[in-house]
Amino acid sequence: MNCKHCQIEFDALLDERLDATAANTVREHLASCPACGAAWQDYQAAWNAFAGSPEIEPSSNFVARVMSTLGTAEDAQPASAWTLVWPRWLRLSTAAAATAAIVTVASVGFFHKELTLAMLDQRLHQDLLTELPVIEHLELLKDLDVIRHLDQLSLTVDMEEIEMMLQEILST
Amino acid sequence: MKVRRGNRPAFETLVTKYNRPVINMIFHTINDPVEAEDLAQNVFVQIWKTRSRYKPTAKFSTWLFTIARNMCLNEIRRRARHRAESLDQPPKETADGAEQPVQVADPSAMTADDAALRVELYAQVEVALRALPEVQRTAMMLLRHKEMPYEDIAKVLGCSLSATKSIIHRARDTLRMRLKPYLRS
């Protein structure tokens with residue numbers, strides 16, 4: 001085993017992801033190579049310092065507070081089915097609300113770049129303008145790739161999947 | 001599954017088990033223990049409200065930390081947008097005026113010098129951790145207690161397994177470089 005391969009295995013060794021044979025091979029190299037041995041000591045020590053550092057202790061009534069909030073959470077019913085679909089972190093600026101409503105709703109089954117309010121059902125339009133959570137980054141709607149992915153969404157897709165999908169899109 | 005059916009005692013068990021790692025994960029992002037608890041509370045309430053959408057194919061911890069991470073990211077964006085609060089501001093006090101305590105190592109088992117060095121080291125760990133990019137910091141927090149395998153961490157981060165390994169390695173290497181002077185002393 002050379003030094004480069006040995007140091008590649010530092011994480012696996014630290015997290016006990018190596019089988020016994022592989023771990024022994026790494027340890028033998030660490031014992032015989034001063035440079036890798038020193039690097040391993042630093043790597044391990046830094047990790048141990050982090051893993052052993054103090055953590056925040058939750059307040060003694062945290063669990064009770066959470067449980068007492070659940071009743072309130074269950075009583076709050078969404079005003080519209082649309083609020084169940086969209087993530088709360090999506091925010092829409094007032095000036096661009098109509099544009100976003102057009103693009104996002106019409107993107108379900110549509111691939112047109114330019115749409116008009118006339119294509120929306122009047123009730124949906126009102127729901128979106130009054131109850132749709134706002135989109136923080138309006139420029140997302142200018143990205144056709146985002147819009148193309150939005151058309152895959154449906155009312156049955158859960159909030160978490162929507163968030164993860166959009167974050168994955170934005171991270172690429 | 002019990003939680004999915006609305007079993008509150010079962011949910012309370014989950015909250016008791018996971019509240020500390022969730023609060024700590026959020027705290028290391030926003031540097032405010034009081035607000036970290038508030039956000040953590042929101043995480044668990046969100047879990048409860050959307051429990052019917054939980055799919056047993058994924059581990060509960062993966063789902064939980066994914067939502068917790070999203071809440072952190074939303075908070076980062078919110079603060080960056082409003083610039084009302086800095087992530088570097090000192091911790092707020094609790095409602096009764098007492099500052100939220102931060103657990104520190106028990107100095108009674110060390111000499112005075114060792115205790116001082118240990119406190120300094122932990123302070124530098126905090127600085128180094130906060131300086132990491134969010135994805136690396138989150139990976140470190142998820143890996144901390146070695147209860148979450150790489151595969152599950154990858155799901156929380158929304159990355160491939162190989163990308164997650166790379167993230168973990170970069171994070172640890174950065175910690176090593178930043179902490180080296182304090183470890184040697």
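These are legends for a handful of close-up views of a predicted two-chain model.

**View 1**
Reading from the N terminus, the pattern is simply α-α-α-α-α-α-α-α-α-α. Chain A has 172 residues, and 19% of them count as buried. As for how the chain folds back on itself, take the contacts between residues at least 6 apart in sequence: 65% of these join residues at least 24 apart.

**View 2. Chain B, also built from helices.**
Chain B comes to 7 helices and 0 strands, running α-α-α-α-α-α-α along the sequence. Of its 185 residues, 34% count as buried. Among the chain B contacts between residues at least 6 apart in sequence, 60% link residues at least 24 apart.

**View 3. Where chain B meets chain A.**
Here we look at the contact between the two chains, which draws 48 residues from chain B and 35 residues from chain A. On the chain B side, the elements that supply two or more residues are α1 (8–30), α2, α3 (60–82), α4 (112–131) and α7 (161–184). Sort that side of chain B by class and you get 23 nonpolar, 11 polar and 14 charged residues.

**View 4. The largest nonpolar core.**
This core holds 54 residues, and the members touching the most others are I26(B), V43(B), A68(B) and A139(B). The largest share of the core comes from α1(B), with 8 residues. As a rule, in soluble globular proteins nonpolar side chains tend to be buried together.

**View 5. α1(B) against α2(B).**
Two packed helices are described by the angle between their axes and the distance between the axes. For α1(B) and α2(B), the axes come within 8 Å and cross at roughly 135°. That angle makes α1(B) oblique to α2(B), and the crossing is right-handed. From α1(B), the contact uses F11(B), V15(B), N19(B), V22(B), I23(B), I26(B), F27(B) and I30(B); from α2(B), it uses P33(B), E35(B), A36(B), E37(B), L39(B), A40(B), V43(B), F44(B) and W48(B). By class, the contact of α1(B) with α2(B) counts 14 nonpolar, 1 polar and 2 charged residues.

**View 6. α2(B) against α3(B).**
Now follow α2(B) to another partner, α3(B): the two pack at an angle of about 130°, with axes 10 Å apart. They are therefore oblique to each other, and their crossing is right-handed. On the α2(B) side sit L39(B), N42(B), V43(B), Q46(B) and I47(B), which meet L64(B), I67(B), A68(B), M71(B) and E75(B) of α3(B). The residues of this contact of α2(B) with α3(B) split into 7 nonpolar, 2 polar and 1 charged.

**View 7. Zooming in on A40(B).**
A40(B) is part of helix α2 (residues 33–49) of chain B. Is A40(B) buried or exposed? A40(B) is buried, because 27 other C-beta atoms lie within 10 Å, and 20 or more is enough for that label. Setting aside residues up to four places away in sequence, A40(B) touches N19(B), V22(B), I23(B) and I26(B).

**View 8. Positive phi in a chain B loop.**
N31(B) sits in the loop between α1 and α2 of chain B. N31(B) isn't a glycine, yet its phi is positive, at about 55°. With 18 other C-beta atoms within 10 Å, N31(B) is partly exposed.

**View 9. Positive phi in a chain A loop.**
Over in chain A, E16(A) belongs to the loop between α2 (10–14) and α3 (20–32). E16(A) has a positive phi of about 55° despite not being a glycine. How many other C-beta atoms lie within 10 Å of E16(A)? There are 8, so E16(A) is exposed.

Terms used
Residues are numbered from 1 along each chain as its sequence is written. Chains are lettered from A and ligands numbered from 1 in the order in which they are written. This is a predicted model: local features need pLDDT of at least 70, side-chain atom pairs count only at pLDDT 80 or more; totals for chains, interfaces and linings use all residues. Helices (H or I, at least four residues) and strands (E, at least two) are DSSP runs, numbered from the N terminus. A residue is buried if 20 or more other C-beta atoms lie within 10 Å of its own, exposed if 12 or fewer, and partly exposed in between; C-beta atoms are placed from the backbone. Two residues are in contact if their C-beta atoms, placed from the backbone, lie within 7 Å. Ala, Val, Leu, Ile, Met, Phe, Trp, Tyr, Cys and Pro count as nonpolar, Asp, Glu, Lys and Arg as charged, and the others, Gly among them, as polar. A nonpolar core is a set of buried Ala, Val, Leu, Ile, Met, Phe, Trp, Tyr and Cys residues joined through C-beta atoms within 7 Å. Axes are lines fitted to C-alpha atoms, for helices over the stretch in contact, and angles run from 0 to 180 degrees between N-to-C directions. Angles under 35 degrees count as roughly parallel, over 145 as roughly antiparallel, 65 to 115 as roughly perpendicular and the rest as oblique. A crossing is left-handed if the near helix is turned anticlockwise from the far one by less than a right angle, and right-handed if clockwise.
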